[in-house]
Amino acid sequence: IYDRAATEAVTDPSMHRRVPQIDRLKGLAIFGVMAQHAFSPGLLYRTWDALHIVQAAPIFFVIMGLNASRSLSKIEPLTLNRLYTRRYLWDRVDRLLLPFLLLWPVAAVVALSLGEFHLGPLALVGTYPSTGGPGTYFVTIVFEFALVFPLVFWCLVRWPMPTAVALVTLDVGFNLLAPRVGVSTAGSGVHYIYDAAIPK
């Protein structure tokens, strides 16, 4: 059943204005991410980092979804054909894939100079040619998000409650299954898959 109230809420003109609070929140989240990688794990643990700066990455995900929703809400009528247009796909290539490809050789030179060059199958999903670094999963997440979110948004507008329940079920199911197949174990060679999986 088409949810008219949900559609009207999403297509509200106020959703299209720039929101300074979002920019400020992004700024705080950037400082939070920098602090996570600047201080020792022991110090972070002793200062109860899970209650403050560890929330920086989740905040980025929420903002990413909010900004994408605000952008997609301008599309009327909201159909999958109008969400996945050639222009949308090219824009994702231009804004995401091209910068990644331009930085890849730079990352390769840095990795070689540090003796940490590594090239494996995960390079196909957005990893850089090194043994890894903090936060590298975010690149893969952004690629996945660009492909999946328009469909999720379309489903949320048409069927808000069933879609929300399905997304929560997918998240919980993924986190329950991950330890059983060994992708969430610390030190596992495939732990990156867990960190970068969009269902989580």
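Me: Which helix gives the most to the lining of the second largest pocket?

Reply: Helix 7 does, with seven residues. Keep in mind that this is a predicted model.

Me: How much space lies in that second largest pocket, and which residues are closest to its centre?

Reply: About 820 Å³ of space lies in the second largest pocket. It has 21 lining residues, and F61, L167, I198, P199 and K200 are the closest to the centre. Helix 4, helix 7 and helix 8 (160-181) are the elements that give two or more residues to this lining.

Me: What classes of residue are in the lining of the second largest pocket?

Reply: There are 17 nonpolar residues, one polar and three charged.

Me: OK, and the largest pocket, how much space is in there?

Reply: The largest pocket holds about 1100 Å³ of space. It is lined by 33 residues, and those closest to its centre are N67, A68, S71, R92 and R95. Two or more lining residues come from each of helix 2 (20-38), helix 4 (56-72), helix 5, helix 6 and helix 7.

Me: Where does the largest share of that lining come from?

Reply: From helix 4, which supplies eight residues to the largest pocket. By class, the lining of the largest pocket has 18 nonpolar, 11 charged and four polar residues.

Me: Let's switch to helix 6. How many residues does it have, and how far does it reach?

Reply: Helix 6 covers residues 86-114, so to speak 29 residues, and reaches 40 Å from its first C-alpha to its last. That is close to the 42 Å expected at 1.5 Å a residue.

Me: Where is the kink in helix 6 centred?

Reply: On V93, with a kink of about 35°.

Me: Which residues of helix 6 are buried, and what covers them?

Reply: Y88, F100, A107, A108 and A111 are buried in helix 6. The cover includes helix 5 (80-83) and helix 7 (137-158). As for the spacing, an α-helix has 3.6 residues a turn, so residues three or four places apart point the same way.

Me: And what follows helix 6?

Reply: G115, and its phi is positive, near 70°.

Me: What is W154 in contact with, leaving aside its neighbours within four places in sequence?

Reply: L78, T79, L80, L83 and W159. Take L78: W154 and L78 are 76 residues apart in sequence, yet 7.2 Å apart in space, C-alpha to C-alpha.

Me: What about the peptide bond between E76 and P77?

Reply: That bond is cis, with omega about -5°. P77 is in the loop between helix 4 and helix 5.

Me: Which phi does W48 have?

Reply: A positive one, about 55°, although W48 is not a glycine. W48 lies in the loop between helix 3 (41-46) and helix 4, and W48 counts as exposed because its relative accessibility is 61%.

Me: Last thing, the whole chain. How many helices and strands are there?

Reply: Nine helices and zero strands. Of its 200 residues, 26% count as buried. Among contacts between residues at least 6 apart in sequence, 64% join residues at least 24 apart.

Note on methods:
Residues numbered from 1 in each chain as written. Predicted model: local features only at pLDDT ≥ 70, side-chain atom pairs only at ≥ 80, totals over all residues. Heavy atoms only, no water. Helix = DSSP H or I, 4+ residues; strand = E, 2+ residues; numbered from the N terminus. Expected span 1.5 Å × (residues − 1). Bend = angle between axes of the 7 residues up to and from the residue. Buried < 20%, exposed > 50% of the residue type's maximum accessible area, 1.4 Å probe, protein only. Contact = heavy atoms within 4.5 Å. 1 Å grid on protein atoms, 1.4 Å probe; cavity = no way out; pocket = protein on both sides within 12 Å on 5 of 7 lines; lining within 4 Å. Points joined across faces, edges and corners; volume = space filled by probe spheres on them. Nonpolar A, V, L, I, M, F, W, Y, C, P; charged D, E, K, R; others polar.
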